[in-house]
Amino acid sequence: MKNNGILAVIPARSGSKGLKDKNIKKLNGKPLLAYTIEAAIESSVFKEIIVSTDSETYADIARQFGAHVPFLRSAVLAEDSASTNDVITEVLDWINREKFSQFMLLQPTSPLRTANDITNALNLFTEKKANAVVSLCEVDHSPMYTGLVPENLRIDSFLSKDISYRRQDLPKYFRLNGAIYLSDIDYFLKYKNLYEEKCFAYIMDKRRSVDIDDEFDFELATFLLKSRKDKSDNI
């Protein structure tokens with residue numbers, strides 16, 4: 001596996017509908033986007049950190065905190081319907097690919113992801129000789145306790161008769177937490193999918209797995225970051 005360098009890609013589209021301008025919304029006094037840029041810089045693993053945005057305002061904030069914004073995202077990729085894969089492809093089409101072997105997508109909506117998470121995911125990638133590594137966290141409630149509810153609300157046989165009601169007896173389930181997507185560039189361009197072959201899970205604690213989509217997520221992240229700072233100040 002070639003190892004020319006790692007590119008960080010931070011997607012930060014403007015115009016969020018669920019939470020207005022969430023990518024630059026002040027979180028404990030700092031733009032949300034800044035937390036991801038700072039974690040990427042602190043990890044010291046990237047040859048370049050690029051923010052993909054359609055907004056000059058967002059670009060100025062990104063540059064202020066140490067990221068590069070060499071171009072503004074195309075109008076097509078600024079739409080709600082634009083896929084993350086298309087955003088990554090646009091960045092990879094712009095860069096000199098000879099400089100990089102892998103990229104790591106770091107979404108700004110995961111402000112509790114740390115520099116250690118970034119380096120540990122990279123270490124796992126190297127150890128496993130992986131094509132890709134994706135961060136996951138354990139779900140709060142087993143999907144074995146879930147099901148569809150009909151319009152009449154009748155839930156006869158909602159749960160299987162042989163299911164245990166003790167959580168510790170159930171298998172563990174995990175979900176994507178949105179914090180880290182690491183991939184070999186050639187592998188990604190071949191499949192446009194990280195999960196084809198030799199993709200490994202980097203497991204994160206749920207306290208670092210908040211993925212901000214709405215006001216509740218934002219308030220939770222605010223609380224957890226303040227708690228983390230308070231603990232650090234008391235050391």
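Guide: Five bridges join β6 to β8, and these two strands run parallel. At one point of this part, Ser135 stands opposite Tyr202 in β8. The model is a predicted one. In general, strands of a sheet pair through backbone hydrogen bonds, either parallel or antiparallel.

The pair belongs to an open sheet of six strands, in the order β4-β1-β5-β7-β6-β8, with mixed pairing. β4 and β8 (199-203) stand at the edges with a single partner strand each, so one side of each has no neighbour in the sheet. Direction ignored, neighbouring strands of this sheet are turned by 25 degrees against each other on average.

Next come the loops that follow β6 and β8. Lys206 forms a salt bridge with Asp140, with the closest N and O atoms 3.4 Å apart. This pair links distant parts of the chain: Lys206 is in the loop between β8 and α6 (215-233), Asp140 is in the loop between β6 and β7, and the two are 66 residues apart. Lys206 is exposed, with a relative accessible area of 55%, while Asp140 counts as partly exposed because its relative accessibility is 44%.

The loop between β6 (132-138) and β7 (174-184) also holds Leu153. Leu153 counts as exposed, at 63% relative accessibility. Together with Val149 and Ile155, Leu153 makes a nonpolar surface patch of about 300 Å².

A helix also packs against parts of the sheet. The buried residues of helix α3 (residues 84-94) are Val87, Ile88, Thr89, Glu90, Val91 and Leu92. They pack against the strands β1 (6-11), β4 (48-52) and β5 (102-105), and also against α5 (185-191). Asp93, by contrast, counts as exposed at 53% relative accessibility. Asp93 forms a salt bridge with Arg97, the closest N and O atoms being 2.7 Å apart. Arg97 is partly exposed, with a relative accessible area of 32%.

The salt bridges described here are among the nine found in a search of the whole structure. Another of them joins Glu56 to Arg63, with the closest N and O atoms 3.0 Å apart. Glu56 counts as partly exposed at 39% relative accessibility, and Arg63 counts as partly exposed at 38%.

Conventions: Residues are numbered from 1 along each chain as its sequence is written. This is a predicted model: local features need pLDDT of at least 70, side-chain atom pairs count only at pLDDT 80 or more; totals for chains, interfaces and linings use all residues. Side-chain values use heavy atoms; hydrogens and water are left out. Patches are made of residues with over 30% relative accessible area and no salt bridge: like charges are joined within 9 Å, nonpolar side chains (Val, Leu, Ile, Met, Phe, Trp, Tyr) within 5 Å. Accessible areas come from the Shrake-Rupley method with a 1.4 Å probe; for residues, only the protein chains shown count as cover. A salt bridge is a side-chain nitrogen of Lys or Arg within 4 Å of a carboxyl oxygen of Asp or Glu. Helices (H or I, at least four residues) and strands (E, at least two) are DSSP runs, numbered from the N terminus. Buried means under 20% relative accessible area, exposed over 50%, partly exposed in between (1.4 Å probe, protein chains only). Contact means heavy atoms within 4.5 Å. Two strands pair if DSSP finds at least two bridges between them. Axes are lines fitted to C-alpha atoms, for helices over the stretch in contact, and angles run from 0 to 180 degrees between N-to-C directions.
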